[in-house]
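Colleague: Before I use this model, I would like to go through the terms attached to it and hear what each of them rests on. Please show it first.

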Amino acid sequence: MIELEGLTKRYGEKVAVNDLTCTVRPGVITGFLGPNGAGKSTTMRMVLGLDRPTAGDVRIDGRHYDRLKDPLTYVGALLEAKAWHGGRSAYNHLLCLAQSNGIPARRVREVLDTVGLTAVARKKTKGFSLGMGQRLGIAGALLGDPRILMFDEPVNGLDPEGIHWIRNLMKSLAAQGRTVFVSSHLMSEMALTADHLIVIGQGRLLADSSMADFIAQNSRSRVRIRTPQRERLLDVLQGAGITVVDPGAEVLEVDGDKSEAIGELAARYRVVLHELSPQRSSLEEAFMRLTAGSVEYHAHDGPPSGPRERPGPRQQWGSEWRKG
Ligand SMILES: Nc1ncnc2c1ncn2[C@@H]1O[C@H](COP(=O)(O)OP(=O)(O)OP(=O)(O)O)[C@@H](O)[C@H]1O
């Protein structure tokens, strides 16, 4: 388990992670979601002891990361792609990691095989594409055969086959009883992958629930209806006190979970229906709804504007980023 207790990180005035308390459990894939700048990477770095919390605590199987003997055998992580020496081959990069963590060298070949990099194992990593880099990062995470895996945006740069592969890999790791903690901006991918969600906004916990509960609690249910007897159905619904929120020419939409009531009314008044389907919001809609108030970086709508004002000294791009 990964246990976060009141975890807080400040960078000067900025509170990147704000009193976060939650537990990431084994046997399921936990998706870690939040808008840009919400604090996901900072949280993951604190789990690995790469950043020190300003307050609060984070433990892996009850211990701090720096107290773990051979930490790669407890927790494997992919945080930043290409976090290695470009002059080394993939094999040598993994061998160094293995040797410094008491992991047998034969494991290097096993993980290279698992991630599909055996053919390029002796090539220098500086020539690797983003997708190959992600695979090498994942190989590093798997090296110690750890019970806990943490991936920050693992599908970044992967092609559809690669995305499919990592989805199945994560599912099989969770099915083996491991803890899988993964962040992503790709909601459609998360919807297919994660069982549980932890959602943060501006460093604060917004939701900690199963995927199904999260969508149910943050979505608007509605019913979609198609009928060749539109006017008659509108009369029947109005007579029953059911309001049509979107009386489109082809499709009618009614708010709420009223498909059974509408089906029975249609049968009673002999109105032909071509479609009567309950609709649920997608994970993306539910996510947007929940996080609407905590999005920090908004793009403006419409075409790009002309020459920009010069940013003030406090807004210079990159001035605050990843210093120290
Ligand atoms: N080293 C740092 N120095 C100053 N501010 C930082 C540093 N690292 C992160 N931040 C700030 O902390 C906040 C959280 O950043 P973080 O990278 O954890 O968010 P994130 O949820 O991973 O974002 P994204 O989805 O864009 O990757 C941001 O406002 C960021 O600018």
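Colleague: How many helices and strands are there in the protein?

Modeller: The protein has 10 helices and 13 strands, where helices (H or I, at least four residues) and strands (E, at least two) are DSSP runs numbered from the N terminus. This is a predicted model, in which local features need pLDDT of at least 70 and side-chain atom pairs count only at pLDDT 80 or more, while totals for chains, interfaces and linings use all residues. Residues are numbered from 1 along each chain as its sequence is written.

Colleague: Why is α2 called roughly parallel to α4?

Modeller: The axes of α2 (residues 90–99) and α4 (residues 130–142) come within 10 Å and cross at roughly 25°. Axes are lines fitted to C-alpha atoms, for helices over the stretch in contact, and angles run from 0 to 180 degrees between N-to-C directions. Angles under 35 degrees count as roughly parallel, over 145 as roughly antiparallel, 65 to 115 as roughly perpendicular and the rest as oblique, and therefore α2 is roughly parallel to α4.

Colleague: Which residues make that contact?

Modeller: From α2 come A90, H93, L94 and L97, and from α4 come L136, A139 and G140, a contact meaning that two C-beta atoms, placed from the backbone, lie within 7 Å. These residues divide into five nonpolar, two polar and no charged; Ala, Val, Leu, Ile, Met, Phe, Trp, Tyr, Cys and Pro count as nonpolar, Asp, Glu, Lys and Arg as charged, and the others, Gly among them, as polar.

Colleague: Which residues touch the most other members of the largest nonpolar core?

Modeller: Of its 63 residues, A139 and M150 do, and α4 gives the most to this core, with six residues. Such a core is a set of buried Ala, Val, Leu, Ile, Met, Phe, Trp, Tyr and Cys residues joined through C-beta atoms within 7 Å. Leaving out residues up to four places away in sequence, A139 touches L94, V111, L112, T114, V115 and L117. A second, separate core of nine residues includes V223, L252, V254 and V271.

Colleague: Is Q202 buried or exposed, and how do you know?

Modeller: A residue is buried if 20 or more other C-beta atoms lie within 10 Å of its own, exposed if 12 or fewer, and partly exposed in between, with C-beta atoms placed from the backbone. Q202 has 20 such atoms and is therefore buried; its place is in the loop between β8 (196–201) and β9. In the protein, 34% of the 324 residues count as buried.

Colleague: Why does A207 count as partly exposed?

Modeller: A207, in strand β9 (residues 204–210), has 19 C-beta neighbours inside 10 Å, and so it counts as partly exposed. Leaving out residues up to four places away in sequence, A207 touches L197, V199, F214 and L290.

Colleague: What makes D19 partly exposed?

Modeller: D19 has 15 other C-beta atoms within 10 Å, and is therefore partly exposed. D19 lies in strand β2 (residues 14–24) and has a positive phi of about 55° although it is not a glycine.
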